[in-house]
Amino acid sequence: MQTWIEALSWLNFGFLLKGLAVTLFISVIAIVLSFVLGSILGIIRYSKIKFISAIIGFVVDLVRNLPLLLIIFFTYFGLPNIGLRPGAILSAVIAMTIFESSMLAEIVRSGIQSVAVGQIEGARSTGMSFVQALWHVVLPQAYRHMIPTIIGQFVSLIKDTSLATIIVVPELMQHAQVIYGQNANYIVPMFAALTLLYFIICFTLSMAGSYLHRHMAN
């Protein structure tokens, strides 16, 4: 018990919360950017624009089948070779945005395809352009169906931020490693604290997604 009290002292717990703040910062930025970029890529893939859709489809499929850790390594160690030198946090944001955008692109494309073709045809028959029909009729229905899947992807993104510790991003996992690196007896208390913090964040996001889905379904 004394070991747990020492491991989870106010000083150590405050240090963990600083790492949590970085984790949340990376997650929020990556979620917003990947949602926007993933939506654009998914819409382009659905629209089947000559050559462009095929190229984007190839890139999306390529990225989706790469380990996120490899993309993190590339952004941090590879980009400096072409003259770009992002810091550790920016590298993590870039890597996660690229990876999550490719995942969301496929989710968005599939979500749009799940909307009955008659919906867009009916909208076009009223004089709407393809873009107007997509924006006002198809996308609202598609996103309503996609909410659980998108939220699930965002939860995965939050958990995947722990991979950024490999490039020494001062996020939650890295701060825990610093603490239990001082005393091996702190390992179990730190893992317990990590479990609780990740659970609170991910469970809260999941519940918010479920509420939003129910609210939009009514």
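**Exercises: spans, a helix pair and a cavity**

For "transmembrane region", the unreviewed UniProt entry lists residues 20-44, 51-76, 82-99 and 190-212; such annotations may be inferred rather than shown by experiment. The model is predicted, with local features needing pLDDT of at least 70 and side-chain atom pairs pLDDT 80 or more, while totals for chains, interfaces and linings use all residues. Residues are numbered from 1 along each chain, and side-chain values use heavy atoms, without hydrogens and water.

**Exercise 1.** How do the axes of α2 and α8 cross, and which residues make the contact?

*Step 1.* Grab the helices (DSSP runs of H or I, at least four residues): α2 is residues 10-47 and α8 is residues 172-182.

*Step 2.* Their axes (lines fitted to C-alpha atoms over the stretch in contact) come within 7 Å and cross at roughly 155 degrees.

*Step 3.* So α2 runs roughly antiparallel (over 145 degrees) to α8.

*Step 4.* For contact (heavy atoms within 4.5 Å), α2 brings N12, F15, L16, K18, G19, L20 and T23, and α8 brings L172, H175, A176, V178 and I179.

**Exercise 2.** What lines the largest cavity?

*Step 1.* A cavity is a set of points on a 1 Å grid where a 1.4 Å probe fits but cannot get out; lining residues have an atom within 4 Å of a point. There is 1 cavity of 30 Å³ or more.

*Step 2.* Read off the lining: Y46, I112, V115, A116, V117, Q119, I120 and V138.

*Step 3.* Helix α6 (residues 117-125) gives the most, with 3 residues.

How values were computed
1 Å grid on protein atoms, 1.4 Å probe; cavity = no way out; pocket = protein on both sides within 12 Å on 5 of 7 lines; lining within 4 Å. Points joined across faces, edges and corners; volume = space filled by probe spheres on them. Helix = DSSP H or I, 4+ residues; strand = E, 2+ residues; numbered from the N terminus. Axes fitted to C-alpha atoms, helices over the stretch in contact; angles between N-to-C directions. Parallel < 35°, antiparallel > 145°, perpendicular 65-115°, else oblique.
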